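Keep the sequence and the model open while you read.

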Amino acid sequence: MEAEVARRVNEYRVGHRLRALRYDTSLAAVAREHSEAMARGRTPLGHDGFTKRAKAVEAFMDFKEIAENVAMNNYARPRTVPVAMSGWLRSPHHRENIEGSFDVTGVGIARSRDGTFYYTQLFVARRR
């Protein structure tokens with residue numbers, strides 16, 4: 001499902017004449033940790049701890065900008081990714097991140113005990 005989010009974001013970007021984002025598994029691990037914390041109820045849905053995640057990324061990737069999208073839904077597995085994506089694309093701020101001047105992404109998804117999916121997607125613009 002994480003790869004499907006990245007694929008759909010890249011399809012959207014390319015369809016809007018933006019370059020595709022490179023997928024980074026270390027970045028995805030940072031995103032997944034946040035999704036797992038939300039799914040376990042250790043942190044509320046949202047961006048709490050974003051500065052900590054940015055510092056974690058900074059440890060392995062030199063960047064000039066970082067952004068994040070989060071989402072949650074309890075749709076069945078075949079529908080959860082399309083629903084999350086459509087929600088992000090309908091939201092001006094989330095869409096701005098998807099369309100931003102980034103070159104790397106990572107996606108983390110976790111599922112809570114009640115079946116709710118929690119999404120975190122990180123976007124990074126590396127220093128050249």
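The points below go by topic, starting with the model itself.

This is a predicted model, in which local features need pLDDT of at least 70, side-chain atom pairs count only at pLDDT 80 or more, and totals for chains, interfaces and linings use all residues. Residues are numbered from 1 along each chain as its sequence is written, and side-chain values use heavy atoms, with hydrogens and water left out.

**Aromatic pairs**

- A search of the whole structure finds 2 aromatic pairs. Rings of Phe, Tyr and Trp (its six-membered ring) pair if their centres lie within 6.5 Å; planes under 30 degrees apart count as stacked, over 60 as edge-to-face and the rest as tilted.
- Tryptophan 88 and tyrosine 119 form an edge-to-face pair, because their ring planes stand at 85°, with the centres 6.3 Å apart.
- Tryptophan 88 sits in helix α4 (residues 77-90) and tyrosine 119 in strand β4 (residues 117-126), 31 residues apart. Helices (H or I, at least four residues) and strands (E, at least two) are DSSP runs, numbered from the N terminus.
- Both tryptophan 88 and tyrosine 119 are buried, meaning under 20% relative accessible area; exposed is over 50%, and partly exposed is in between (1.4 Å probe, protein chains only).
- Phenylalanine 102 and phenylalanine 123 make a tilted pair, since their planes are at 40°, with ring centres 5.7 Å apart.
- Phenylalanine 102 is in the loop between α5 (92-98) and β3 (104-111) and phenylalanine 123 is in strand β4, so this pair ties together parts 21 residues apart in sequence.
- Phenylalanine 102 is buried at 2% relative accessibility. Phenylalanine 123 is buried too, at 0%.

**Nonpolar cores**

- The largest nonpolar core has 19 residues, of which Val5, Val9, Trp88, Tyr119 and Phe123 touch the most other members. Such a core is a set of buried Ala, Val, Leu, Ile, Met, Phe, Trp, Tyr and Cys residues joined through side-chain atoms within 4.5 Å.
- Two or more residues of this core come from each of α1 (2-15), β2 (63-73), α4, β3 and β4.
- A second, separate core has 11 residues, including Leu27, Ala54, Phe63 and Val104.
- Beyond its neighbours within four places in sequence, valine 9 is in contact (heavy atoms within 4.5 Å) with Leu21, Met85, Ile98, Gln121 and Phe123.

**Aspartate 103**

- Aspartate 103 lies in the loop between α5 and β3. Aspartate 103 is buried, at 6% relative accessibility.
- Aspartate 103 and arginine 19 are 84 residues apart in sequence, yet 7.7 Å apart in space, C-alpha to C-alpha.
- Leaving out neighbours within four places in sequence, the contacts of aspartate 103 include Arg19, Arg22, Arg126 and Arg128.
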